[in-house]
Amino acid sequence: MTTKHQDSQPDSNLSIPAENERADRSFDAIADHFEKKVYGGLKGEIRLAVLRRDIFEYSAQMSEALGRPLRILDVGAGLAQIAIELAAQGHNVVINDISANMLEKAKASAEKIDKKLDITWYVCPYQALEEKLAQKETEKFDLIMSHALLEWLAEPAAVMDFFDKHLTDDGALSVCFYNPASFDYRNLIMGNFNLLDNTDYKADNKKSLTPNHPVAKEEVQSWLKAHDYQTVRSSGLRVFHDYAPLKRGGHNDPDAVIRMELRYSQLEPYKWLGRYLHILAKR
Ligand SMILES: C[S@@+](CC[C@H](N)C(=O)[O-])C[C@H]1O[C@@H](n2cnc3c(N)ncnc32)[C@H](O)[C@@H]1O
């Protein structure tokens with residue numbers, strides 16, 4: 001693996017929030033928990049299968065049309081599985097996260113790949129990336145990925161300006177975000193009406209992976225429209241798996257679950273019930 005540049009310390013220029021004030025959420029303290037809960041089983045497999053299908057076909061076409069490897073940026077990359085696979089396909093990849101612990105794990109998996117990878121790592125809030133990218137003269141990207149980041153930001157809409165600045169004119173944006181409708185639907189199925197009646201409900205903030213400030217699909221779509229993006233494709237991630245309390249029939253066959261998730265991830269109306277939604281858009 002080639003590591004071109006490495007910032008070992010996260011920037012500390014985000015002010016310490018007063019209690020109840022919103023702040024970007026670093027996963028430093030929950031890196032192990034996240035790895036195990038989100039990617040330790042079928043849930044993670046489904047998430048990655050849908051993202052791979054949506055992104056890799058498009059990135060291959062784009063790279064062929066341009067006649068060169070793509071320049072790709074992953075913000076809030078976490079374990080960066082998709083970004084590392086794109087690097088293994090020969091693209092130039094920049095991987096960013098505010099959490100050093102998350103990127104340590106990502107680097108460890110990149111090191112296991114027996115290939116020379118072109119990856120540059122930046123441990124810092126994405127808000128501090130502009131300055132670092134300017135020094136490296138790689139300010140524009142053909143593909144920017146932001147997966148499960150919006151819902152952990154204090155000011156999620158602000159990331160759109162960052163995308164505008166760093167995407168090439170015909171570049172593509174891959175945004176995946178937690179779908180608040182799935183919270184309501186799952187609690188309806190589970191009979192947790194008390195949670196739905198309680199408008200002040202907040203997940204236990206220390207360890208919970210349920211974001212307290214999710215962004216609705218309509219809101220993300222309105223930002224994309226306001227910033228002149230057009231949706232190329234949209235999918236739901238885990239459109240039925242998380243809703244099934246009884247693992248019967250095909251639910252006992254992980255490959256079959258992934259096959260069905262892939263199929264229904266693109267079909268109306270099911271895709272809009274995904275725990276996460278993925279939108280691939282271009283300007
Ligand atoms: C839910 S994880 C998603 C990780 C990965 N993209 C994925 O889909 O598996 C959210 C990540 O965003 C990072 N994060 C939060 N605020 C950030 C910021 N301002 N800049 C960069 N990363 C941030 C967290 O540290 C965490 O690793």
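**Exercise 1. Trp-223**

Is Trp-223 buried, exposed or partly exposed, judged by the other C-beta atoms within 10 Å? Then describe its surroundings.

*Solution.* 
The model is a predicted one.

Step 1. Count neighbours. Trp-223 has 18 other C-beta atoms within 10 Å.

Step 2. Apply the cut-offs. Buried needs 20 or more, and exposed needs 12 or fewer. Trp-223 is therefore partly exposed.

Step 3. Trp-223 belongs to helix H9, residues 217–226.

Step 4. List its contacts. With neighbours within four places in sequence left aside, Trp-223 touches Ala-157 and Met-160.

Step 5. Check a distance. Tyr-122 is 101 residues away along the chain, and its C-alpha atom is 26 Å from that of Trp-223.

**Exercise 2. The chain as a whole**

Work out how the radius of gyration of the protein chain compares with that of a compact globule.

*Solution.* 
Step 1. Take the inventory. The protein chain has 10 helices and 8 strands.

Step 2. Take the dimensions. Along the principal axes, the C-alpha atoms fill a box of roughly 55 × 45 × 40 Å.

Step 3. Compare. A compact globule of 283 residues would have a radius of gyration near 19 Å. The protein chain has 19 Å, so the two agree.

Step 4. Buried residues make up 35% of the 283 residues. Among contacts with a separation of 6 or more, 77% are between residues 24 or more positions apart.

**Exercise 3. The largest nonpolar core**

Find which residues have the most contacts inside the largest nonpolar core, and which strand gives the most to this core.

*Solution.* 
Step 1. In soluble globular proteins, nonpolar side chains tend to be buried together.

Step 2. Look at the core. The largest nonpolar core holds 61 residues. Those with the most contacts inside it are Ala-83, Ile-95, Ala-106, Ile-144 and Phe-177.

Step 3. Name the strand. Strand E6, residues 167–178, gives the most to this core, with 7 residues.

Step 4. Zoom in on Ile-144. Beyond its neighbours within four places in sequence, its contacts include Leu-73, Val-75, Phe-163 and Leu-173. His-166, Leu-167 and Gly-171 are in contact with Ile-144 too.

**Exercise 4. Around the ligand**

State how many residues surround the ligand and how they divide by type.

*Solution.* 
Step 1. Count. 22 residues surround the ligand.

Step 2. Pick out the closest. These are Phe-27, Gly-76, Gly-78, Ser-99 and His-147.

Step 3. Sort the shell. It divides into 12 nonpolar, 7 polar and 3 charged residues.

**Exercise 5. Loops and backbone angles**

*Solution.* 
Step 1. Ala-80 sits in the loop between strand E2 (71–75) and helix H3 (81–88). Its phi is near 55 degrees, a positive value in a residue other than glycine. Ala-80 has 27 other C-beta atoms within 10 Å, so it is buried.

Step 2. Ala-148 lies in the loop between strand E5 (141–147) and helix H6 (159–166). Phi of Ala-148 is near 55 degrees, again positive in a non-glycine residue. Ala-148 has 19 C-beta neighbours inside 10 Å, so it counts as partly exposed.

Step 3. Pro-269 is in the loop between helix H10 (254–264) and E8. The peptide bond from Glu-268 to Pro-269 is cis, with omega near -10 degrees.

Step 4. Asp-114 is in the loop between helix H4 (100–111) and strand E4 (118–123). With 7 C-beta neighbours inside 10 Å, Asp-114 counts as exposed. Its C-alpha atom is 9.2 Å from that of Ala-88, 26 residues apart along the chain.

Conventions:
Residues are numbered from 1 along each chain as its sequence is written. This is a predicted model: local features need pLDDT of at least 70, side-chain atom pairs count only at pLDDT 80 or more; totals for chains, interfaces and linings use all residues. A nonpolar core is a set of buried Ala, Val, Leu, Ile, Met, Phe, Trp, Tyr and Cys residues joined through C-beta atoms within 7 Å. Helices (H or I, at least four residues) and strands (E, at least two) are DSSP runs, numbered from the N terminus. Two residues are in contact if their C-beta atoms, placed from the backbone, lie within 7 Å. A residue is near a molecule or strand if its C-beta atom, placed from the backbone, lies within 6 Å of it. Ala, Val, Leu, Ile, Met, Phe, Trp, Tyr, Cys and Pro count as nonpolar, Asp, Glu, Lys and Arg as charged, and the others, Gly among them, as polar. The radius of gyration is taken over C-alpha atoms; the globule rule is 2.2 Å times the number of residues to the power 0.38.
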